[in-house]
Amino acid sequence: MNDNRRISVGLVGLGRLGRQHAENLAFRIPHCTLTAVCSVKEEEVVAAQRELSVPYGYTDYEEMLQNTELDAIFIASPSGFHCKQIEQAFAAGFHVFSEKPLGLSIEEALRVREAVQRHPDQVFMLGFMRRYDRSYAYAKRQIEAGAIGEPVLVRCYGLDPAQAMPTFLKFAKSNYSGGLFLDMAIHDFDLARWYLGAEAETVWAIGGSHRYPEFEQLQDAETGAALVQFGSKKMGIFVASRNCAHGYHIETEIIGTHGSLRIGTNPDKNQVVLMDERGIVQECTSGFLERFEFAYVDEVIEFIRCIRETRKPEVTVADGIQSTILGYACKLSFETGQLVAVQSVVSTDK
C-alpha cells in the first residue's frame, strides 16, 4: 500500500448532517480529500464549494458518478434515496459509505445486500456511528472482558430535543423518515444486537402523540416504546421521543449476570456547573451533532482506512438489514397493536 495515497470522496446530501460530514471529510479525516459535493439545492452546493474548497459541485447525482477522479461515494441524502444511490454508486465502481438506514423497507435493505454481494472488492460501510463513540466502544470492550458477566438486558432511551420539533414535523411529512422506530430507534436496535450478541424474535410496540397530534395523522408517534424478546431469552426495552424538554438525551444501560453498565445517564453538555438563583444548573447537549461529534469523525476515519488497507469494516450490511427488520417489526406492532414475530415481517414486506 502507498502510505501517501489519498482517497478522493464525492458526497451527496448537504443538509444539517451532510454538511457536517462534508466539513469532516474536508478537514478532519487523514488521507482523505473531499473532491465533489452534490445536492438538489444549488445554493448548498455553491456554499460548500466556496467554504470547503471543493473542486466539483453537482445538482445531479448521476453526473457526479461520472467523475473519474473519485474513489468513494458518501451518501448523506434523505433516507428514501439511500437504496437507489447505493446501488448506483456500486455499479459505477465506487466504495460506498451510507448514512442509516439502508432504506425505508426490508425489500430495499435486501436490495442493498445484493448490491454489496455483487461487488465484493468494494468497501461498504453503514453509518451506525454510536459504535464509534468512545464511551459506547469502551462499554463493548468491558462486556467482552466479562466485566458484567453475560449481558441479558439492554435499556435504551433516545430522546430528541423538543425545540427541534418544527424540523421533525417537516421531515415526518416528507415520507422519507420511515417513522419513529425506523428513523430514531434504529441506532438503539443496532446497539442492543451488538451488546447482547443476539437477534430479535418478538416485538410489542406502543406509542402516542400527546403534545403534537400531527404525528397521529401521519400514523406515527411523538413518543413510543418497544419491548423486544431477543434470542436466548435476552431482552430489550426501547423508548424513543421527539419531545424532550431538557435537550438531547441518549441513554443506554446493559444489565448482565454480574453487574451493569450505564452510558449517558446524565446528558451533560460539559463539565461546567453554574450556580445562581435557580440553584445548581448543568446544561445538556443540544443535539446529535454535538453529542456524537467525535464518533462521526472516527467512523469515517475507519471507512477511509478500510479502503486504503483493502479490508472490510466491522459494521456490515447485515447489521443494517437486521436493524431495519427490527425497526419495521416495531412499526407494524405499533400500527396494529399486536405482538409481532420479527422474522414474519420479512415475508409480509413486499
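Leaving aside neighbours within four places in sequence, which residues is L326 in contact with? F189, A200, V203, V228, F230 and V342. Keep in mind that this is a predicted model.

Now the core. L326 is among the residues with the most contacts inside the largest nonpolar core, along with Y61, M64, I73, F124, Y195 and F230. That core has 104 residues. Helix 12 gives the largest share of this core, 9 residues. There is also a second, separate core of 7 residues, and A164, L169, A172 and F215 are included in it.

Stay with helix 12. It covers residues 293–309, 17 residues in total. From first C-alpha to last, helix 12 reaches 25 Å, close to the 24 Å expected at 1.5 Å a residue. Is helix 12 largely enclosed or largely open? Largely enclosed by the rest of the structure, because 13 of its 17 residues are buried. After helix 12 comes T310, with a positive phi near 50°.

Next, charges. Side chains of opposite charge can pair when their charged atoms come close. The count here is 25 salt bridges.

Start with D133 and R291. Their closest N and O atoms are 2.8 Å apart. D133 sits in the loop between strand 6 and helix 6, and R291 in helix 11, so the pair ties together parts 158 residues apart in sequence. D133 is buried, at 7% relative accessibility. R291 is partly exposed, at 21%.

Then K269 and E290, with closest N and O atoms again given as 2.8 Å apart. K269 is in the loop between strand 12 and strand 13, and E290 is in helix 11, so this bridge joins parts 21 residues apart in sequence. K269 is partly exposed at 34%. E290 is partly exposed at 28%.

Last, K331 and E335, a salt bridge with its closest N and O atoms 2.8 Å apart. Both are in helix 13, 4 residues apart, so about one helical turn separates them. K331 is partly exposed at 26% relative accessibility, and E335 is partly exposed at 36%.

Salt bridges also form a network. It links R131, D190, R193, E199, E314 and D319.

Now the surface. W204, I206, L227, I237 and L339 make a nonpolar patch of about 480 Å². W204 belongs to strand 8, residues 200–208. At 40% relative accessibility, W204 is partly exposed.

One more residue: Q66. It lies in the loop between helix 3 and strand 4. Q66 is exposed, at 62% relative accessibility. Q66 and A89 are 23 residues apart in sequence, and their C-alpha atoms are 9.9 Å apart.

Key
Residues numbered from 1 in each chain as written. Predicted model: local features only at pLDDT ≥ 70, side-chain atom pairs only at ≥ 80, totals over all residues. Heavy atoms only, no water. Helix = DSSP H or I, 4+ residues; strand = E, 2+ residues; numbered from the N terminus. Buried < 20%, exposed > 50% of the residue type's maximum accessible area, 1.4 Å probe, protein only. Expected span 1.5 Å × (residues − 1). Patch = residues over 30% accessible without salt bridge, like charges linked within 9 Å, V, L, I, M, F, W, Y side chains within 5 Å. Areas by Shrake-Rupley, 256 points an atom, 1.4 Å probe, with all protein chains shown as cover. Salt bridge = Lys/Arg side-chain N within 4 Å of Asp/Glu carboxyl O. Core = buried A, V, L, I, M, F, W, Y, C linked by side-chain atoms within 4.5 Å. Contact = heavy atoms within 4.5 Å.
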